[in-house]
Amino acid sequence: MPARNAFKQALAAKQAQIGCWSTLNSPYISELMAGAGFDWLLLDTEHTPNDPALMIQQLQAVQSERDRPTSAVVRPPWNDAVMIKQYLDIGAQSLLLPFVQDRAEAEAAVAATRYAPRGIRGMGGTTRASRFGRDTQYVAKAA
């Protein structure tokens, strides 16, 4: 079963949340900020020298905070299906996509987050998001 997404659950329940936007690409700083009591932490890759290899370390750092879990929101550099897939596959549960300007771009973004037949997301099978294939419900429940 995919991990609970506290950020999306709080949004659905219309619960106020306090978060912080991080343009610092350090796992050490991400861990520090995750322990500071924020409900969410946005990890920006649009305006910072971040990439999936560094982002996985930041996600691990944020997800390691156990006393008061903070939800990580990842901002890819662009509304690009390949980048969206990579960030989802490494375990990002929530994305903030930059510069989505119209319905067609919004539909393309949603399609990139969904597996067929509801979208175009490629199948990886043994990704970090699926706990390396141990979560047999990931594909069915990921959306």
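First, a reminder: we are looking at a predicted model. The chain has six helices and four strands. Starting at the N terminus, the order of elements is α-β-α-β-α-β-α-β-α-α. The radius of gyration is 15 Å, close to the 15 Å that the globule rule gives for 143 residues, so the chain is as compact as a globular protein of that length. Along the principal axes, the C-alpha atoms fill a box of roughly 40 × 35 × 35 Å. Buried residues account for 38% of the 143 residues. The accessible surface is about 8,300 Å², and 56% of that belongs to carbon and sulfur atoms.

Now the sheet. It is open, with four strands in the order β1-β2-β3-β4, and the pairing is parallel. At the edges sit β1 (19–22) and β4 (94–95), each pairing on one side only. Look inside next. Strands β2 (residues 40–44) and β3 (residues 71–75) run parallel, joined by five bridges. There, L41 stands opposite A72 in β3. What packs on this sheet, touching β1 and β2? Helix α2, residues 27–34. Its direction makes about 160° with that of β2.

Last stop: helix α5, residues 103–113. Which of its residues are buried? A109, A111, A112 and T113 are. The buried residues of α5 pack against α4 (81–89).

One number on contacts to finish. Take contacts between residues at least 6 apart in sequence: 55% of them join residues at least 24 apart.

How values were computed. Residues numbered from 1 in each chain as written. Predicted model: local features only at pLDDT ≥ 70, side-chain atom pairs only at ≥ 80, totals over all residues. Heavy atoms only, no water. Pairing = 2+ DSSP bridges. Helix = DSSP H or I, 4+ residues; strand = E, 2+ residues; numbered from the N terminus. Contact = heavy atoms within 4.5 Å. Axes fitted to C-alpha atoms, helices over the stretch in contact; angles between N-to-C directions. Buried < 20%, exposed > 50% of the residue type's maximum accessible area, 1.4 Å probe, protein only. Rg over C-alpha atoms; globule rule 2.2 N^0.38 Å. Areas by Shrake-Rupley, 256 points an atom, 1.4 Å probe, with all protein chains shown as cover.
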